[in-house]
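Please consider the sequence and structure shown here. A briefing on selected elements and on confidence follows.

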Amino acid sequence: MSGPSATALIADDEPLLRERLAAQLARLWPGLDIVAEARNGREAVDLAEQQTPQVVFLDVQMPGLDGVEAARAIVGAAPRTIVVFVTAYEQYALQAFEQGALDYLVKPIDDERLATTVSRLQDRLAGAGPHDPPGVAGAADVAMMLDRLAAQLGSAVQAPRAGGHLQWIRASVGQAVRLIAVDEVIYLRSDEKYTLVAWAGGEALIRKTIRELADELDPQRFVQVHRSVIVALAHVSQVVRGPNETAEVHLKARPERLPVSRSWLHLFKQM
């Protein structure tokens, strides 16, 4: 789809996500000119003021000024700006977008969903005139929706940031870089140089160490069972005791047997 020409700003604190979204938009909307990319909410507001983009893609969860607050400032200064939020929390976002004044994309963004958003944006821009464009709420309505979105996303978005738990893992898969949602990870196992990430869709290697990952993952969902292994508790089917105070973790949907060393056996004393 070529569509009308337009300008846009992308704001996300993850460089890889900014690059990926820009590449997807280049394929799906060649007429869209990405005039600026921002690393945080404050920078997004400043760049929006300088570049006056017609569309702003805002990550909801950014350090400092979050996406919702950045949207307030951007729309307050330029009411015709169309905001598209990018979020990892679809279940909390749906109600905030029921009226269609704002749109949203869920990470990782797939082309089909993005194409739908592009089509909506093109329709709105095509209807723009001397008054508020059809299908786009006025500034007061957008402000009200931002209040609602802030209330709905507040606890869901801020808690992971405050706790510092890892949400995404970047991994090399062939010549590509894959974004793996931590929710999909089954286990992680290291060797001398790399850590293997096993998830529902396959396997990949990363350079982070098990020690680094253990500090970043949610301890309520992931446990280290060996100096080289971290496992997602939701994917454990059973733990079988072995000789010399050791054990093996059996997984629900994979044949691997993961070692549990003596130092971590206390985690499964109740089995």
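Two strands are said to pair if DSSP finds at least two bridges between them. Helices (H or I, at least four residues) and strands (E, at least two) are DSSP runs, numbered from the N terminus. This is a predicted model, in which local features need pLDDT of at least 70 and side-chain atom pairs count only at pLDDT 80 or more, while totals for chains, interfaces and linings use all residues. Residues are numbered from 1 along each chain as its sequence is written, and side-chain values use heavy atoms, with hydrogens and water left out.

**Strands S11 and S12**
- A hairpin through 2 residues joins S11 to S12.
- S11 (residues 222-226) and S12 (residues 229-232) run antiparallel and are joined by 4 bridges.
- His226 has Val229 in S12 as its bridge partner.
- In S11, 5 of 5 residues are buried (under 20% relative accessible area; exposed is over 50%, partly exposed in between; 1.4 Å probe, protein chains only).

**Helix H3**
- The buried residues of H3 (residues 67-77) are Gly67, Val68, Ala70, Ala71, Ile74 and Val75.
- These buried residues line one face of H3, because they fall within an arc of 155° seen down its axis (the arc of the directions from the helix axis to the C-beta atoms).
- Gly76 and Ala77, on the other side of H3, are exposed.

**Confidence**
- The protein chain has an average pLDDT (the predictor's confidence in each residue, from 0 to 100) of 80, and 76% of the residues score at least 70.
- Residues 129-137 stay under 50 in pLDDT and have 15 contacts (heavy atoms within 4.5 Å) beyond four places in sequence in the model.
- Residues 154-162 have pLDDT below 50, with 17 contacts in the model beyond near neighbours in sequence.
- Where pLDDT is low, the predicted coordinates should not be read in detail.
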